[in-house]
Amino acid sequence: MSEGIPLPERSRLVHQHLVDAGVETTIRVLPDSARTAVEAAAAIGCDVAAIANSLVFVADGEPVLVMTSGGHRADLAALTASIGAADVTMAPASVVRAATGQAIGGVAPVGHPAPLRTFLDEALQDHEELWAAAGHPHTVMPLTFEQLRLLTNGTIVAVA
């Protein structure tokens with residue numbers, strides 16, 4: 001955790017999920033919002049493609065979490081085919097909040113009221129260190145791809 005700065009409540013829940021899973025990492029509190037991959041990469045000082053965006057979609061009526069590389073946009077047709085769904089749409093903010101307990105721009109891979117079926121962008125494997133939101137638009141955490149896969153039980157797919 002960042003020195004002396006208390007974590008927001010949602011980030012404390014994420015931290016507890018990390019501890020329970022045996023994943024050691026440090027949640028950083030940023031001075032400014034990191035709602036977009038570009039903002040997060042600038043604040044952290046990493047390649048935008050190493051940002052693991054947490055996007056919630058509705059696939060055949062059920063919310064799913066898709067962790068995508070900040071280096072490209074998710075292609076709905078590619079994603080739909082990759083996850084074997086008939087219909088995939090972006091989730092509205094109300095569905096994101098209900099499914100994750102977190103606000104858009106701060107959705108973490110974990111810390112949700114119940115685990116979400118999760119898909120991981122194959123492009124994230126290209127980075128030794130990934131950065132994901134940690135439950136709040138001002139918090140981020142470094143993870144390896146393997147940590148992300150284990151935390152989320154995610155299925156690796158093509159999203160672009």
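Okay, let's start at Asp60, which sits in the loop between E2 and E3; helices here are DSSP runs of H or I with at least four residues, strands are runs of E with at least two, and both are numbered from the N terminus. Before I go on: this is a predicted model, so local features need pLDDT of at least 70 and side-chain atom pairs count only at pLDDT 80 or more, while totals for chains, interfaces and linings use all residues. Residues are numbered from 1 along each chain as its sequence is written, and side-chain values use heavy atoms, with hydrogens and water left out.

Back to Asp60. Its phi is near 50 degrees, a positive value in a residue other than glycine. Most residues other than glycine have a negative phi. Asp60 is partly exposed, at 44% relative accessible area; buried is under 20%, exposed is over 50%, and partly exposed is in between, with a 1.4 Å probe and protein chains only. Then there's Asn153, in the loop between helix H5 (145-152) and E8. Asn153 also has a positive phi, near 55 degrees, and it is exposed, at 65%.

Now the helices. Which residues of H3 are buried? In H3, residues 76-83, they are Leu79, Thr80 and Ile83. Seen down the axis, they fall within an arc of 100 degrees, so they line one face of the helix; the arc is taken from the directions from the helix axis to the C-beta atoms. On the other side, Ala77 and Ala81 are exposed. The cover over the buried residues includes E2, E3 (62-69), E4 (88-90), E5 (118-121) and E8 (155-157), with contact meaning heavy atoms within 4.5 Å.

Asp75 caps the N-terminal end, with a side-chain oxygen 2.9 Å from the backbone nitrogen of Ala77. For polar contacts, we want a pair of N or O atoms within 3.5 Å; within protein, one must be able to donate a hydrogen and the other to accept it, and residues adjacent in sequence count only if both atoms are side-chain atoms. Just after H3, Gly84 takes a positive phi of about 70 degrees.

On to H2, residues 37-44. Ala37, Ala40, Ala41 and Ile44 are buried there. They cover an arc of only 95 degrees, which puts them on the same side of H2. Val38 and Ala42 are exposed on the face turned away. E1 (28-29), E2, E6 and E7 are among what covers the buried residues.

Ser69 is buried, at 2%, and its side chain reaches the backbone oxygen of Ala49 at 2.8 Å.

Last, the pockets. How much space lies in the largest pocket? About 560 Å³. A pocket, on a 1 Å grid over the protein atoms alone, is an open set of points where a 1.4 Å probe fits, with protein on both sides within 12 Å along at least five of seven lines; lining residues have an atom within 4 Å of a point. Points are joined across faces, edges and corners, and the volume is the space filled by probe spheres set on them. There are 30 lining residues, with Arg35, Asn53, Ser54, Leu55 and Thr68 nearest the centre. E2 gives the largest share, seven residues. The second largest pocket has a volume of about 170 Å³, and His17, Pro109 and Leu151 are among its lining residues.
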